[in-house]
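User: I have a chain to look over. Can you walk me through it?

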Amino acid sequence: MRVDHSKVSELQTSDLLDIDPDALREAERVFAQGILDTMAGKQVLRAIYEETRVVVVMSDGSEYYFYGFMGESKGR
C-alpha cells in the first residue's frame, strides 16, 4: 500500500477519531485476561520484554504476545 503524503498533511484534527485511552486500556486488559485464561495449567519457560511487547514462552513451545496499553492500575 502506498501512502499519499500530500493527503496526510491535509488532514484536519476534526478528521481524526477521538479515542478514549481508558477504554482502550480496558479493552486491552480484557483481551489479555482472555489470553491468560488459556494459559491455566501451563508452565512459563521465560518472559521476554521487548521494546513494543512482552513475549511469554511456554514450556510446550507456544508463545503469547502482549502489546500496548497494558499497565499498572492502582486499587484493583
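User: Start with L24: what is its relative accessible area?
Analyst: L24 is partly exposed at 32%, where partly exposed lies between buried (under 20% relative accessible area) and exposed (over 50%), with a 1.4 Å probe and protein chains only. This is a predicted model, where local features need pLDDT of at least 70, side-chain atom pairs count only at pLDDT 80 or more, and totals for chains, interfaces and linings use all residues. Residues are numbered from 1 along each chain as its sequence is written, and side-chain values use heavy atoms, without hydrogens and water.

User: Where does L24 sit, and which patch is made with it?
Analyst: L24 is in helix α2. With L17 and I19, L24 makes a nonpolar surface patch of about 340 Å². Such a patch takes nonpolar side chains (Val, Leu, Ile, Met, Phe, Trp, Tyr) within 5 Å, from residues with over 30% relative accessible area and no salt bridge (a side-chain nitrogen of Lys or Arg within 4 Å of a carboxyl oxygen of Asp or Glu). Areas are by Shrake-Rupley with a 1.4 Å probe.

User: Now the inside. Which residues form the largest nonpolar core?
Analyst: Seven: A32, I35, M39, V56, M58, Y64 and F66. A core here means buried Ala, Val, Leu, Ile, Met, Phe, Trp, Tyr and Cys residues joined through side-chain atoms within 4.5 Å. At least two core residues come from each of α2 (21–38), β2 (53–58) and β3 (63–67). Helices (H or I, at least four residues) and strands (E, at least two) are DSSP runs numbered from the N terminus.

User: What does M39 touch beyond its neighbours within four places in sequence?
Analyst: V44, V56, M58, Y64 and F66, with contact meaning heavy atoms within 4.5 Å.

User: And the overall order?
Analyst: The chain runs α-α-β-β-β, and 13% of its 76 residues are buried.

Note on methods
Patch = residues over 30% accessible without salt bridge, like charges linked within 9 Å, V, L, I, M, F, W, Y side chains within 5 Å.
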